[in-house]
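Please keep the sequence and the three-dimensional view at hand while reading the points below.

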Amino acid sequence: MTSQAPTPSALAFVPFVSVANMMRLVNSIGPEQVMRDLATYIEQDFRRWPEFDKTPRVASHSQEGVIELMPTADAENYGFKYVNGHPKNGRTGHQTVTAFGVLSSVATGYPLLLSEMTVLTALRTAATSALVGKYLAPKGATVMAMIGNGAQCEFQALAFRAICGINRLRLYDIDPTATAKAMRNLSAQGFDVTACTSGAQAVEGAQIITTCTADKQCATILSDNMVGAGVHINAIGGDCPGKTELHRDILTRSDIFVEYPPQTRIEGEIQQLDADHPVTELWQVMRGEAEGRRDARQITLFDSVGFAIEDFSALRYIHDQIAGSDFYQPLDLLADPDDTRDLFGMLIRAA
């Protein structure tokens with residue numbers, strides 16, 4: 001008589017959201033509504049910021065790019081994201097940024113969700129930018145310049161329309177094909193879009209300036225003379241050591257807002273400044289403990305590098321959305337022997 005390996009119990013399976021199912025889920029809700037929802041979850045978690053374990057992301061840098069792990073936890077759940085950033089990947093048909101993430105139970109250590117996060121990171125990055133814009137952008141802003149028209153461009157535009165009311169866009173990229181791509185996509189989404197031939201032309205008349213370029217270098221995408229009084233700058237491209245987009249003089253005359261200073265001082269635009277240069281943490285603004293925009297002439301700068309709590313919020317949102325749905329598949333991920341002490345016996349019976 002031949003013994004057989006036990007059939008896995010429900011404990012062996014983890015809900016897995018594939019790229020295909022993520023796209024189905026987002027399209028069923030609508031991308032703009034998803035980003036509104038994500039902004040709500042992110043704001044909820046930022047307002048309980050002291051409850052989280054926080055650490056700068058763990059990064060492995062190379063000449064080609066970076067691979068990072070982004071962990072955080074509250075009393076109930078632990079989450080992390082694996083993400084890469086490889087600016088040269090487009091030359092070989094690879095994505096510049098790819099990601100996946102896990103949300104787990106603190107009580108048992110068992111994963112509650114495994115999800116693609118390439119699409120989800122694009123959505124949560126844009127949702128975070130627009131959420132911050134709600135607090136820092138000039139009142140009544142309708143025009144945004146977008147310097148860098150790659151994979152994040154359209155997500156930023158949709159989020160700023162959904163959350164801040166932006167409907168006019170001025171686009172510039174050193175690669176005209178990227179701008180042409182963004183023009184097609186955003187015109188089809190109902191935006192009033194203008195293609196520009198330089199960054200200086202793009203910022204003309206813009207109340208919000210978004211910079212989102214990929215090259216891993218200290219660049220001057222935005223020079224000091226391009227930034228006038230009252231503008232909000234959404235700087236999201238500089239996100240690792242040695243990678244910046246703004247001239248230093250812009251920083252010294254802006255009020256700077258950051259996610260997590262120990263990480264931003266290493267990776268963000270403020271790596272160009274002294275280690276004690278004053279910045280304001282966004283969670284304090286959202287809790288009413290610090291001021292955001294004070295007046296119409298103030299230059300506000302969101303020095304965005306992305307932080308793990310934003311990914312935690314996104315995973316929490318997806319976990320809630322897939323409950324009782326068909327937007328995931330059960331993945332046989334965890335060994336589950338009928339006798340928890342006999343993992344070896346389960347292995348042998350499976351032969």
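**Briefing on a predicted model**

In this predicted model, leucine 169 touches Met144, Met146, Ala157, Leu186, Phe191, Asp192, Val193 and Thr194, leaving out residues up to four places away in sequence. Leucine 169 also belongs to the largest nonpolar core, where it is among the residues with the most contacts.

**Nonpolar cores**

- The largest nonpolar core comprises 61 residues, and those with the most contacts inside it also include Leu38, Phe46 and Ile318.
- Another core, of 24 residues, lies apart from the largest one; among its members are Val203, Met226, Val231 and Leu251.
- In soluble globular proteins, nonpolar side chains tend to be buried together.

- An open sheet is formed by 8 strands in the order 9-8-7-10-12-16-14-15, with parallel pairing.
- Strand 9 (192-195) and strand 15 (280-281) are the edge strands, each pairing on one side only.
- Strand 14 (residues 255-258) pairs with strand 16 (residues 300-303) in the parallel sense over 3 bridges, and aspartate 255 stands opposite threonine 300 in strand 16.
- Helix 3 packs on the sheet and touches strand 12 (232-235), strand 14 and strand 16; the direction of helix 3 makes about 155 degrees with that of strand 16.

**Threonine 128 in helix 3**

- Threonine 128 is located in helix 3 (residues 118-136).
- Because its relative accessible area is 3%, threonine 128 counts as buried, the cut-off being under 20%.
- The side chain of threonine 128 reaches the backbone oxygen of arginine 124 at 2.8 Å.
- Beyond its neighbours within four places in sequence, threonine 128 is in contact with Ile42, Glu259, Phe302 and Glu310.

Note on methods
Residues are numbered from 1 along each chain as its sequence is written. This is a predicted model: local features need pLDDT of at least 70, side-chain atom pairs count only at pLDDT 80 or more; totals for chains, interfaces and linings use all residues. Side-chain values use heavy atoms; hydrogens and water are left out. Helices (H or I, at least four residues) and strands (E, at least two) are DSSP runs, numbered from the N terminus. Buried means under 20% relative accessible area, exposed over 50%, partly exposed in between (1.4 Å probe, protein chains only). A polar contact is a pair of N or O atoms within 3.5 Å; within protein, one must be able to donate a hydrogen and the other to accept it, and residues adjacent in sequence count only if both atoms are side-chain atoms. Contact means heavy atoms within 4.5 Å. A nonpolar core is a set of buried Ala, Val, Leu, Ile, Met, Phe, Trp, Tyr and Cys residues joined through side-chain atoms within 4.5 Å. Two strands pair if DSSP finds at least two bridges between them. Axes are lines fitted to C-alpha atoms, for helices over the stretch in contact, and angles run from 0 to 180 degrees between N-to-C directions.
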